[in-house]
Amino acid sequence: MNLEHSQPLEYSTKQNDLNIFGFWIFLGAEIMLFATLFTSYFVLENRTGSGPAGSEIFEITPVLIETLLLLTSSFVIGLGIHAMRLGKTKAMISFFAITLLLGLGFLSFEIFEFVHYVHVGAGIQTSAFTASLLTTLGTHGAHVTFGLFWGTAIILQVKKRGLTPETANKSFIFSLYWHFLDVVWIFIFSFIYLKGMM
Amino acid sequence: MEFFERFAIPHPSPAIYASMVVIALTVVAIIAGLTYFKKWGYLWREWLTTVDHKRLGLMYIISAILMLFRGGVDAIMMRAQLATPDSKLLDAQHYNEIFTTHGVVMIMFMAMPFIFGFMNYIVPLQIGARDVAFPRLNAISFWLFFMGAMLFNISFVIGGSPDAGWTSYFPLAGTDFSESVGTNYYMIALQISGLGSLMTGINMITTILKMRAPGMTLMKMPMFTWSTLVANLIIVTVFPVLTVALAMGTMDRLFATNFFTSSNGGMDMLWANLFWVWGHPEVYILILPAFGIYSEIISTFSSKNLYGYTSMVASMVIISVLSCLVWAHHFFTMGQGAASNSFFSITTMAIAVPTGVKIFNWLFTMWKGKIRFTVPMLYSIGFIPLFTIGGVTGVMLAMSAADYQYHNTMFLVAHFHNTIIPGVVFAMLAGLTYYWPKMFGFMLNERIGKWTFWALSIGFVLAFFPMYITGLDGQARRMYTYSESTGFGPLNMLSFIGAGIMAIGFVLIVYNIYYSIRYAPRNIGSDPWDARTLEWATHTPVPEYNFAITPAVNSIEPFWDAKKKKHVLFPEPLKKIHMPNNSGMPFILSAIFFVWGFSFVFAIWPLLIISTLGIFACLACRSFENDHGHYISLEEIEETEEKLGGAKK
């Protein structure tokens, strides 16, 4: 474990460097995953069968709230990483906790939204359009859910072990993941909701 | 009892019952053997928990050879069925199941792990690294592949084989036309092993880009390492597409969604497109590392450096890009219109150009070289003309207008076997023979090896060239029989004879391994082939830490330079070495994945929920675990080096 003091803690060992690099490659694969989901969605978008179309079921209010919650959480986790770089463990933990709470808020609204879709007759079995809509949203939502558990595990570790090269590395990688989910959401917001409502 | 009825075989036959007995006996024999020889502890400590890239590589290769025989038996059954007209050996349903499993097993569970085995074993040695970037992730990759393969392989005795072809086109693969759980097995088993492949992709890219020995710039990497890098970039690009396609297929089958159905807006061609967006690059994931192995072998046994290194690299990169732009050539006849057919025709034909560049580079490497006709070299020399024929028929198939004649005929079957067998299978056997002494410390018998090569080559030509003719005459693929009046009988009989000769070749490989274990001399040193790259610069058997001292690299062939040009390979003093700890987690996690997959296949929801929680529990354990690996002390290294014949200089 060679500590290189000119570098941030999360990059300070060789293994840390590998972990971050590997995670970027993983995010590349994730981009392909969502790209495939989006492509399939665009192909199936107008194939609504006997079910409703997007313009009939999308509602702007919950979607706007979700967007606000997730974008804010992405900003807050950025503050968290900034606090980590300054070595302020407590501030960092607080920012991470706020991030996860905002994520939880996002998720609650998304669940509410899904219930609404099923309620208006747009369940996953209704048509090719609803299947691909709910799968794309659901994959993103599942990522957020996974992130909530992952983030909690990281907060607990930082609390227990303090900021070590290992915990800093994990926190940084988690922040990359969280920002990525935000980017995906921006595409969902623009190309699924806004496009569908126009 | 109602619960157990779902595990019954929907379409049984005496052969399947016999297989059940054989499988049961094998399992009992393995358990009894391990208990009798008290090997459980050894198995757990040395193999099931290992994170060593070399051991994982060996396990990949062993699994691949086992799967080769499973897929080979399928192949023999198909050829036996088709050997005579109106044959009643198999019925249509069994034939469907057999060609499906043959395809899936050979591509996903034979060729892929064989290649992963070589990547794992060779790449860290070639770049002078101690292990891969993420050793434990590497173990998870292997065990996920292994559990996926096992899940797929039990299908024919529990619940029924998949029978919709290895492409599983919808709506055929949907629940309306494939009622048994067979296609569920296909979707879930490929999902699990595909997850492993994706992780290997991430691992290998990180390893190659970040862990090369000092001095090894990108353009000084050995060709096999380059091919591994390019293949893994393709893996990371296209495997997520398969993930999504399989997930949608699973949902269509289990949750009655309408992605690929014929009602409520579903679109069956979406599956075909997604499948081949993954499926076509997949064949380049297989062939590029094979090209890499040929490059190493041809250079070594021509006693020359590789001709046209830069153009080799460039053509691989170009192939990798083009490979993602050709997928629609698999369904020219399915009505996407002249413009897109033309586009995919041209991109497909364009792939012949970089491939041709590589063929000429190999020929020029041999040109005026001092060629040694060893077994690996024979495979490589045999590969060039045979593969070229496969490539040329590929260009024929690429012409979309003409494809209406070839589509879904035996001509196509002949074509892709003509590229995969001399291309990939020969490369794997060449690589196995070439790297065998590095892996096990003795060489495979050359005389038996040459017999094997000739049996496989002659058998291959006899088995597949007749299919070009019957295919052009209109024999459709995947048809379980044909009438005598078609006149296909004699040529199919010839194919059957060829398949038999190939089978003899594969049995000879096993005999060769047995014979060489017993009789081969053990005093062969660490460089028996007079090779050129770093993997031969360390001891045989390779110590746990690969290189006691990280090698210094000056050129594409540092080991050759060390032997001939007085390059100092190991300039630094010995230092203590950091190594990762073994872990049982990858095996346990993957075993839970097996249960997860099984309960998914049969829609046993409570078990699915429990195993899902188990998977997350494993991940949580890993997250909270404090594992910093261990150090190998200086004394220990010196002792090991002494035992292996002194430190390498």
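This is a predicted model: local features need pLDDT of at least 70, side-chain atom pairs count only at pLDDT 80 or more; totals for chains, interfaces and linings use all residues.
**H5(B) and H9(B) are oblique to each other.** Residues are numbered from 1 along each chain as its sequence is written, while chains are lettered from A and ligands numbered from 1 in the order in which they are written. Helix H5 covers residues 92-126 of chain B, and helix H9 covers residues 268-301 of chain B. Their axes (lines fitted to C-alpha atoms over the stretch in contact, with angles from 0 to 180 degrees between N-to-C directions) come within 11 Å. They cross at roughly 45°. Under 35 degrees counts as roughly parallel, over 145 as roughly antiparallel, 65 to 115 as roughly perpendicular, and the rest as oblique. The crossing of H5(B) and H9(B) is left-handed: the near helix is turned anticlockwise from the far one by less than a right angle (clockwise would be right-handed).

**Side chains from H5(B) and H9(B) meet.** Contact here means heavy atoms within 4.5 Å. H5(B) contributes B:Ile107, B:Met108, B:Ala111, B:Met112, B:Ile115, B:Phe118, B:Met119 and B:Gln126. From H9(B) come B:Trp278, B:Glu282, B:Ile285, B:Leu286, B:Pro289, B:Ile293 and B:Glu296. By class, the contact of H5(B) with H9(B) has 12 nonpolar, one polar and two charged residues. Ala, Val, Leu, Ile, Met, Phe, Trp, Tyr, Cys and Pro count as nonpolar; Asp, Glu, Lys and Arg as charged; the others, Gly among them, as polar.

**H9(B) also crosses H12(B).** Helix H12 spans residues 375-398 of chain B. The two axes come within 9 Å and cross at roughly 125°. That makes H9(B) oblique to H12(B). The crossing is left-handed. On H9(B), the residues in contact are B:Ile287, B:Phe291, B:Tyr294, B:Ile297, B:Ile298 and B:Phe301. On H12(B), they are B:Pro376, B:Met377, B:Tyr379, B:Ser380, B:Phe383, B:Ile384 and B:Phe387. By class, 12 residues of this contact are nonpolar, one is polar and none is charged.

**Two cis peptide bonds sit in chain B.** One runs from B:Phe170 to B:Pro171, with omega near 5°. B:Pro171 lies in the loop between helix H6 (135-153) and helix H7 (182-210). Another cis bond joins B:Thr540 to B:Pro541, with omega near -5°. B:Pro541 is in the loop between helix H16 (489-519) and helix H17 (558-564).

**B:Lys38 has a positive phi.** The angle is about 55°, although B:Lys38 is not a glycine. B:Lys38 sits in the loop between helix H2 (14-36) and helix H3 (40-48) of chain B. UniProt positions use the numbering used here, feature names are shortened, and annotations may be inferred rather than shown by experiment. The end C-alpha atoms of residues 38-554 lie 48 Å apart. The span is 68% helix and 0% strand. Chain B averages a pLDDT of 94, and 99% of its residues score at least 70. The model scores ipTM 0.94 and pTM 0.96.

**Chain A has six helices and zero strands.** Helices (H or I, at least four residues) and strands (E, at least two) are DSSP runs, numbered from the N terminus. From the N terminus on, the elements run α-α-α-α-α-α. The C-alpha trace spans about 65 × 30 × 25 Å along its principal axes. UniProt (unreviewed entry) places "transmembrane region" at residues 21-43, 63-81, 93-112, 132-156 and 176-194 of chain A. The end C-alpha atoms of residues 21-43 lie 33 Å apart, and the span is 100% helix. For residues 132-156 they lie 36 Å apart, and that span is 100% helix and 0% strand.

**H1(A) and H6(A) are roughly parallel to each other.** Helix H1 covers residues 14-44 and helix H6 residues 165-197 of chain A. Their axes come within 11 Å and cross at roughly 15°. H1(A) passes H6(A) in a right-handed crossing. The residues of this contact divide into 20 nonpolar, three polar and two charged.

Key. Side-chain values use heavy atoms; hydrogens and water are left out. pLDDT is the predictor's confidence in each residue, from 0 to 100.
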